[in-house]
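These exercises ask you to read a structure step by step, with a worked solution after each task. Keep the picture beside the text and find every residue as you meet its name.

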Amino acid sequence: MRVAILTSGGDSAGMNAVVRAAVKEAIAQDCEAYVVREGYEGLVRGNMISFDEPVSPFKTGPSLVHNLRFGDGAQLRDGTGDHARGRTLKGRYIIKVGWDDVRSWFAEGGTLIGTARSKTFMTHEGRLCAAFNMIKEGIDALLVCGGDGSLTGADVLRAEWPGLVDMLLKQERITKHEATVHSHLRIVGLVGSIDNDMALTDITIGAPTALQRICEAIDNINSTANSHSRAFVLEVMGRHCGWLALLAAVSGGADFIFIPERPPVDDVWEDAMCAEVERHRKLGKRKTIVLVAEGAHDKNLQPIKADHVKEVLSQKLGLDTRVTTLGHTQRGGRPCAMDRILPTLQSIEAIACLIEATPSTPSYMIGMQESKVTRISLQEAVEITKSVARAIEAKDFDKAISLRDPEFKDFLSGFFITSTLDREKALPPTKHMRVALLHMGAPAGGMNACVHAAVRYCLHQGHVPLAVHNGFRGLLDDEVQELSWLGVDTWMSRGGSELGTNRTTPSHDLGAVASKFQHHRFDALVMVGGFEAFNALLQLEEAREHYPALRIPMVHVPATISNNVPVTEYSLGCDTSLNALVDACDAIKQSASASRDRVFVVETQGGECGYLAVMGAMATGASLVYTPEVGVNLETLIRDVRYLKVRYLLDEKGHAEGRLVIRNEVASRVYTTDFMTRMFREEGGDLFDARHASLGHTLQGGIPSPIDRARAVRLAIQSLKFLEDHHQALLPTSRKSPSMRPTASPESAAVVTLQKGAVKFVPVKEMVQHSDMKNRRGKKVWWEGMKEIAEHLAARPQLIDLNPEDFAEYH
């Protein structure tokens, strides 16, 4: 089967990851891979000139060895394809590519094969030309990455395909044999859109990177806004979808937002906005950030523009206001980790979908549902996406929000709760709580954002938020402080732990801890941390029998770069750390590639959990990855050396690629990072050199990613609601004896988890059943099998049993 891959519509980060993974997986499945330059326009134009395909010099080996390079990879990556000298891409739009032609592509932004909105393809004659060019090149299947318009175009082409083939046959432009062989077109779609506007998928390719660009801009603007006590109005993309504006507002701590799905409810929205901003200013806030989606409007569908918002803030409140339109900066730049991993997994599923397709199967779109890669009816997804726009046009805004993914409503509610300064409390005094907020274990991105959201929610409801500084050690020293709305205003973008954190658990002195709970009159506890916090919650729950002061609702919010807390799919900090690893490995790989023949052994943190190493390998294209779950033995190392030798022998002479080996810090107690480096250097001989780099605590620091910040807000608010639900049942039985609390149910001490995209509370005692307490990780993890996928895309399984001596003569 011959598979053609094209990118269409607006570009988005992650499209190159799609092309890279789809090409490699197609070749791995014994298919031939082609890329189509300039989207559908490339299909219409076809190949006006041709070059002979380079003949593989290798006489042995699997099909991958004979599909390594076809001569056009450098021109595609360097953008020199239209340079009319020597071998050129000028006049050629359907290009055969090999395994190495797309290496390292996913570290590049945009789409290296080009994209265009083709008016010609929208005509029947244009699609007839496209069909002819595909048949001429022997294309059997088409993978399209683009928005809803691009995917609709693919579905239309498939529906018309039998008629187009018949017409080409009647015109004698193709033979009967060609008509028979190409009677059926296989198609599959992947959604490339920074707006995250496609229905039936939780996230679209490019949206996480675009969100990161916006939040970087907000973080930078915050400092200058605070310096001059200015207001800034930021316009972000989102013509029909407010996801980018909403998530950026939640993650960036904005004061007000305008999005298409939820316009202001007030007839005079200008007065409502000014009233909210003025309350913030009177409290002492020096800066104001307002986000406007490009498709924002009022409840009567009249457009709301950034310049008008600026005029309102300047004239009504006298604020020194500036407008910043981020524009296409949101599209560009290197993809973040998520926009490398998810497109890779989706592309592998897309190739499987094409291989399995029959004339009777529907056209599929590959998306993400409940954290899993899924096949979705393309027509249904496009129809529901269009129905959102129709609901907005009909002013049915509640319906528009209901058609978005379930998280959208949570984030919208979370934004209003954390940004609004209410004069009246949401709960009556009898339901108010004194809530202790505590960090524990190693620092992780999102810890401060979690406290920020918790404090804002507490004050919105009427609770008293109490910061416990320096963990349980600080509690024993009475380092307890009431937090204010303004006091946590800048915490969203701060890394580390503003409360201070350490690994001391309550078991250090349970009696004293219980005494301090009673002394400070805690009604509820929120612990933010990793496996230590999980252990601490377990200790507190077991001690409730002996200490009535501990009979309060308690919740643990997982926060650890290792992502080793059982049951939950993601912990706060793991996305930030993964992005830090990707940034470091991109720089290391650049150095390794400059040396042409260098292998870098990169050591990561993670403890006894290999999540960071495995997902880092997926996001950086590492050749090998070593984890504690799988371990390392001598036989494995011998085979890996043989694989690296074969891989370097297969490289084009003078153009060897620098390669990465990612090793978890405790993958082996014997085969250390230094040992592996010296072994690779010795065994590499004249083929390759080796160096090592330990990323260490750099993975714990830095500015939290927008994904970690948004998750922190969602989990914090849900955790406080959980505490409220259990608070009334655990109130003291007598006002005269406030220490006499009823017996607490096990359900009132729980870990908040993310499972299949939903927030679920799991009692801490139940969590033990799913835990490998000795190795401090879950017994079962959702990312099991990712190591094999990462190494599959590095050709390890295909090459590991080959003999280097069979290829030595070609080097």
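**Exercise 1.** Decide whether Arg796 is buried or exposed, and then find which residue forms a salt bridge with Arg796.

*Solution.* Arg796 has a relative accessible area of 14%, which means that this residue is buried; the word stands for a relative area under 20%, whereas exposed stands for over 50% and partly exposed for what lies in between, with a 1.4 Å probe and only the protein chains considered. Before going further, note that this is a predicted model, in which local features need pLDDT of at least 70 and side-chain atom pairs count only at pLDDT 80 or more, while totals for chains, interfaces and linings use all residues. Residues are numbered from 1 along each chain as its sequence is written, and side-chain values use heavy atoms, with hydrogens and water left out.

The next step is to look for the partner. A salt bridge (a side-chain nitrogen of Lys or Arg within 4 Å of a carboxyl oxygen of Asp or Glu) joins Arg796 to Asp640, whose closest N and O atoms are 2.8 Å apart. Because Asp640 belongs to helix α21 (residues 634–650) and Arg796 to helix α26 (residues 796–799), this pair ties together parts that are 156 residues apart in sequence. Helices (H or I, at least four residues) and strands (E, at least two) are DSSP runs numbered from the N terminus. Asp640 is buried as well, since its relative accessibility is 1%.

**Exercise 2.** Find which residue forms a salt bridge with Asp583, and decide whether Asp583 is buried or partly exposed.

*Solution.* The partner of Asp583 is Arg334, with 2.7 Å between the closest N and O atoms. This pair links distant parts of the chain, 249 residues apart: Asp583 sits in helix α19 (residues 574–594), and Arg334 in the loop between β9 and α11 (338–356). Asp583 is partly exposed because its relative accessible area is 41%, and Arg334, at 38%, is likewise partly exposed.

**Exercise 3.** State how many salt bridges a search of the whole structure finds, and which residue meets Arg404 in one of them.

*Solution.* The search finds 51 salt bridges. In one of them the side chain of Arg404 meets that of Glu261, at 2.9 Å from N to O. These two residues are 143 residues apart and link distant parts of the chain, with Arg404 in the loop between α13 (397–402) and α14 and Glu261 in the loop between β7 (256–258) and α9 (269–283). Both Arg404 and Glu261 are buried.

**Exercise 4.** Check the span of helix α4 against what its residues should give, and then list the elements against which its buried residues pack.

*Solution.* Helix α4 (residues 124–136) has 13 residues, and its end C-alpha atoms are 18 Å apart, which agrees with the 18 Å that it should span at 1.5 Å a residue; the expected span is 1.5 Å times one less than the number of residues. Its buried residues include Leu128, Phe132 and Ile135. As a group, the buried residues of α4 pack against α2, β3 (94–97), β4 (141–146), α5 (148–170) and α6 (176–181). Just after α4, Gly138 takes a positive phi of about 75 degrees.

Now turn to Ile174, found in the loop between α5 and α6. Ile174 counts as buried because its relative accessible area is 6%. Leaving aside neighbours within four places in sequence, Ile174 is in contact (heavy atoms within 4.5 Å) with several residues, among them Phe132 and Ile135, which are also listed among the buried residues of α4.

**Exercise 5.** Find the strands with which β6 pairs, and say in which sense each pair runs.

*Solution.* Strand β6 (residues 231–236) is mostly covered, 5 of its 6 residues being buried. Two strands pair if DSSP finds at least two bridges between them. With strand β8 (residues 288–293), β6 pairs in the parallel sense over 6 bridges, and here Val233 has Val290 as its bridge partner.
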